[in-house]
Amino acid sequence: MQIDLQNQLAFFLTGRRSSDSEPRPSAIRPALFARYRDLTELRYDFPLVIAHGAPPEKTLRSLSRMVDDAALAADETDRLRLARHGQRIERAVRKHLAAKGPGDFATVWHSCASELVTEDAVIGDSAMTLWNSFATDGDILDADAAMPARVVKAAWNSVQAEKAKQFNARTARLLHALKGILLAEDIGGGAGRSPERLRSAVGSSFAGAFDFNELSRILVSSKPATALSDSRRDRINQLIATIEGQKFYTESGESIGFVFDNCADAVRSHNERRAEAVKLLRALAIAELEAAGNYREKTHDVLFENYGHNGLELSELGQLPDYLICTDGGAIDAAETARIVEVLAAGLPFKILVRTDDVLEPSVVAEGHVALGLRSRQIVDASIGLTDVFVLQAAASRLFANRARLLSGLSYDGPALFSVFSGANGHTGDFSPYLVAAAAVESRVFPTITYDPSAGGDWASRLDISDNPSTDDDWPVHRFAFEDADLQSNSESLPFTPADFTALDDRFARHYSVADDISEAMIPVDEALRSAPLRDRVPYTAVVGEDLKLRRALIDNRLLREAERCRAMWHSLQELAGIHNSHAERLLAAERKRAESAPAPDQSPVGGAPVPEIVTAEPETVAAEPSSDDPYIETSRCTSCNECTNVNPKVFAYNDNKQAYIADADAGTYRQLVEAAEGCQVGIIHPGKPRNPKEPGLDDLLARAQPFL
Amino acid sequence: MTAATEQASVNECLLKLYDEQHEIEDYQKGVPRWCSGCGDNAILAAVQRLCRDEKLAPEKTVFVSGIGCSSRLPHYMNTYGFHGIHGRALPVAEGVKLARPDLTVFVNTGDGDCCSIGAAHWIHAVRYNMNMVMMLHDNQIYGLTKMQASPTSPLGLKSNTTPRGTYLDALNPLTVTLGISNVSFVAQVVDWIPELLYQTIAAAYHHKGFSFVRIVQRCPEWLPKLMDPWLHDPERVLLLHHENGLRVSTDLTRTYRKLEEHDPSDINRAREIASSWDPIPVGILYRDENVPCYEDLRHDTRLRTSDLIRNGLEAEFDKFTVWPETVNA
């Protein structure tokens, strides 16, 4: 046993294997994968249907959900049959796609259904009912290397189609308004009132009843002709020509020539179109002003002369189609990586898909060195660091689940990066790309990350990692049921760590050594990471071989370190997303300590003095009453009835709110002040004392003024 | 604020660089021919103030009216206006709003125009809940035709048509409106408290939906003394205030001390308040922002090109056309 432990320690520390008698490591797989091999027998969200011509939120659909929805929508009598038959066809479709690759949805569905008709004749009818209920034309595809690009392109297309719809509606509205201005001039000007035009307007039936020359003469002489200035007419004609001649969207809502497979071509194309974009966006902005009648040559001419001089803003560029760049992560070199980050940093409306097939490729720097997902991670980290780039990192298996986030990124008014791990690296034997991609998410090697700058100003609003399993923990833990040596059923909790993920890849076989026996020195990977440094312990992970026997595979130190690195990166992601935040935890600990050490608060005796209710009294501000010698009006109560202003508009005037005040008491007589006071419907005029003691009839006036003093 | 929205605002600035500033006089047209002291002047001043404060473009604003003293108001507004036929201000206004939802529509009508000949339109306008402000100038008398009883005239009022006094209780426009389906805004105000009048009309303007404002108005010519007890006794005015309704100033509460905190979402209390007359409740009785507007439900996204309109009209006319060829044949 001692020798065994020494050999195991030697393997752990150096990677050297003691004997060749062990089962071939390439034949092992993580214990949690024991049940999963042939995915075509399982029901899950893939394959996906890409619907043609559907609105963005309905472009990506899951076949399973379509079948369920169709069955649920059917009559109760048919529901069960449709669900059962639908699931059988679904299984056949999965097998078909696994064998033959993606295809046209209608062809695949009907051919799979027709194969099953030989077994059960009613299936043909069910297939047709379900098909009619789908009402979807499109392509069907499973997870493979090409899937991410197809999905992103389809989503991009649907988003662009929506944009085109809005753009075309806007240009139609503006053109309608601009042409309306010209038409109004035509009708209101001399041409519209010429005898010929009047004759054509009346039509043939009653033409004889009119003298059009006379009618024209009367109309022309009775109303001045409205004419546009020459500069305005020219401007409107130019705007119409520019808007009608635009080449960014077709009438049917397509945007052609905006999809590229590398940054250089996309940037070149963007620069070539720049002048045209400036011209069009300028025309649209001016057209808006013209349509509203707000274009002022004096103010706007200078501004629009320099339009776009300082580059166009994203909110403006956002009206035009976005550029989509679908790159292959495996083929990206350092220079292209740098270019991607540069393009994203430039704030251009570029949506970049970086597809990675292999997150387990060996490092090019050091032999035997492992750096999980290094390439994609670099781009994602740099993009998040730019702070205004929408970033979505998701494995292909989670792409459908994250379709809303994908659409948000594509609709985002700015650059966006989509880093997708396809799982199709060719080193995972007969495990499907879907499973490999799912395992990368599960093991935190390729966690789902969304960074949405439009969601808010802080990390808590922008960063979202909620799509990952068990976000609060280091690793997702699963219950694993097995039969023990005494043939009794047993179960164990197994975490899924990077050491399990790499067990799928044949290039990592040399980092595993399958132990025949169980020893106390063995420690599960997750515990090993928690209890570092290890002393006389060897980390292992549970695996199964071809014979489906549960074994322990020891891993070497290099793999353990890599698992540790993954965990550290996950921890920093968690912190940024507000889980186990170290600052908050420290603060909490300090506050707890303080609370514990502080003396207990005094207990007030029961029935003590009640806390007085705080009442904020309105401060009584008394406006200075004008002296009753001077005439005055309670202006804020004036109902603008013109009574006083009719008496003498020099004495009584209206303020900005059309309420009366005494503008000049000396501009009229005391009699007028008294009469106005008497006439005021709401009694707010106070005539004061007479200013001219020689005014006739003062005694009588003073008596009349008495009620208003 | 994100980078994207900051940038959007720069572009907005460019478009809004020319921001039209108006004075109250810019909205005034002609000299009102109402009797001196008439409460209509107060309403005119309040809407002009609102137009200025909300920077309403005159060419995007429409005042629609029916017949009566109240209905002269569009003549004095330097905006678009439509002095319609008796009782039909609302159908005209609804047509304007349906065809041009971008316009701000106000309706000025009186107690005869709305509550008598136009009562059917009034009920359905409330139900349609189109986004406009309706001001019911309620002076409780037919003034333009020189003093005949209106549906809201108080019981026993002697007029040219009721020399022995009216026999019926006055119709209460508030309780009627509050009883109609889809009611979304009901307020009452008096013409002699300008600040409150302005605030209430402003609140009505900001409400998306059909805002019904009954303005209790004095007629100094034909019923000079009718409202005096309320006008001269602040204790006979009940101010309704709430954080979701009107917030009254201390200036106002110094004079009008009778206050009730009333939540405008409480329709049952609103109906109780609406039934009371003395003191006169003023403020927002009821408001529900969630009632859908008819113009939104029936919004037509098609561009209203001249071809579309002509073809639509032709199709309608064709249904009734007698073709000469057919007749001759």
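Biologist: Which helix gives the most residues to the lining of the second largest cavity?

Modeller: In this predicted model, helix α2(B) gives the most, with 4 residues. Both α2 (40-53) and α7 (194-206) of chain B supply at least two residues each. The lining has 13 residues, and those nearest the centre are Gln659(A), Ala42(B), Ala45(B), Ala46(B) and Pro194(B). The volume is about 80 Å³.

Biologist: What makes this space a cavity rather than a pocket?

Modeller: A cavity is a set of points where a 1.4 Å probe fits but cannot get out, whereas a pocket is an open set. The structure holds 5 cavities of 30 Å³ or more. The largest cavity has a volume of about 90 Å³. Its lining has 14 residues, of which Cys638(A), Cys641(A), Cys644(A), Cys680(A) and Ile684(A) are the closest to the centre.

Biologist: How are the residues of these two linings divided by class?

Modeller: The lining of the largest cavity divides into 9 nonpolar, 4 polar and 1 charged. For the second largest cavity, the classes are 7 nonpolar, 4 polar and 2 charged residues. Cysteine counts as nonpolar, so Cys638(A), named above as one of the closest to the centre of the largest cavity, belongs to the nonpolar class.

Biologist: What is the volume of the second largest pocket, and which residues are the closest to its centre?

Modeller: The volume of that pocket is about 810 Å³. Among its 34 lining residues, Phe482(A), Glu492(A), Ala542(A), Leu550(A) and Arg551(A) are the closest to the centre. In chain A, the elements that contribute two or more residues are β13 (477-483), β14 (489-495), α19 (525-530), β17 (538-544) and β18 (550-555). The classes are 19 nonpolar, 3 polar and 12 charged.

Biologist: Why is the pair of Phe390(A) and Tyr412(A) called tilted?

Modeller: The centres are 6.0 Å apart, and rings pair if their centres lie within 6.5 Å. The planes are 40° apart; under 30 degrees would count as stacked and over 60 as edge-to-face, so the pair is tilted. Phe390(A) lies in strand β9 (residues 390-395) and Tyr412(A) in the loop between α15 (403-411) and β10 (416-421) of chain A, so the pair ties together parts that are 22 residues apart in sequence. Both residues are buried.

Biologist: How far apart in sequence are the parts that Tyr128(B) and Tyr294(B) tie together?

Modeller: Those two residues also form a tilted pair, at 4.5 Å centre to centre and 40° between the planes. Tyr128(B) is in helix α5 (residues 119-128) and Tyr294(B) in helix α11 (residues 294-297) of chain B, so the parts joined are 166 residues apart in sequence. Tyr128(B) has 29% relative accessibility, and buried means under 20% and exposed over 50%, so Tyr128(B) counts as partly exposed.

Biologist: How do you know whether Phe248(A) is buried or exposed?

Modeller: The relative accessible area of Phe248(A) is 4%, which is set against the limit of under 20%, so the residue is buried. Phe248(A) is found in the loop between α9 (230-244) and β6 (259-260) of chain A. Ring pairs link Phe248(A) with Phe258(A), Phe260(A), Tyr323(A) and Phe350(A) in a cluster. Beyond four places in sequence, Phe248(A) touches residues including Ile256(A), Phe258(A), Arg273(A) and Leu320(A).

Biologist: Which residues touch the most other members of the largest nonpolar core?

Modeller: Of its 142 residues, these are Ile340(A), Ile352(A), Leu406(A), Leu417(A), Phe501(A) and Tyr512(A). Helix α6 (residues 147-188) of chain A provides the largest share, 15 residues. A second, separate core of 66 residues includes Ala676(A), Ala705(A), Leu56(B) and Leu196(B).

Methods: Residues are numbered from 1 along each chain as its sequence is written. Chains are lettered from A and ligands numbered from 1 in the order in which they are written. This is a predicted model: local features need pLDDT of at least 70, side-chain atom pairs count only at pLDDT 80 or more; totals for chains, interfaces and linings use all residues. Side-chain values use heavy atoms; hydrogens and water are left out. On a 1 Å grid over the protein atoms alone, a cavity is a set of points where a 1.4 Å probe fits but cannot get out, and a pocket is an open set with protein on both sides within 12 Å along at least five of seven lines; lining residues have an atom within 4 Å of a point. Grid points are joined across faces, edges and corners, and a volume is the space filled by probe spheres set on the points. A nonpolar core is a set of buried Ala, Val, Leu, Ile, Met, Phe, Trp, Tyr and Cys residues joined through side-chain atoms within 4.5 Å. Buried means under 20% relative accessible area, exposed over 50%, partly exposed in between (1.4 Å probe, protein chains only). Contact means heavy atoms within 4.5 Å.
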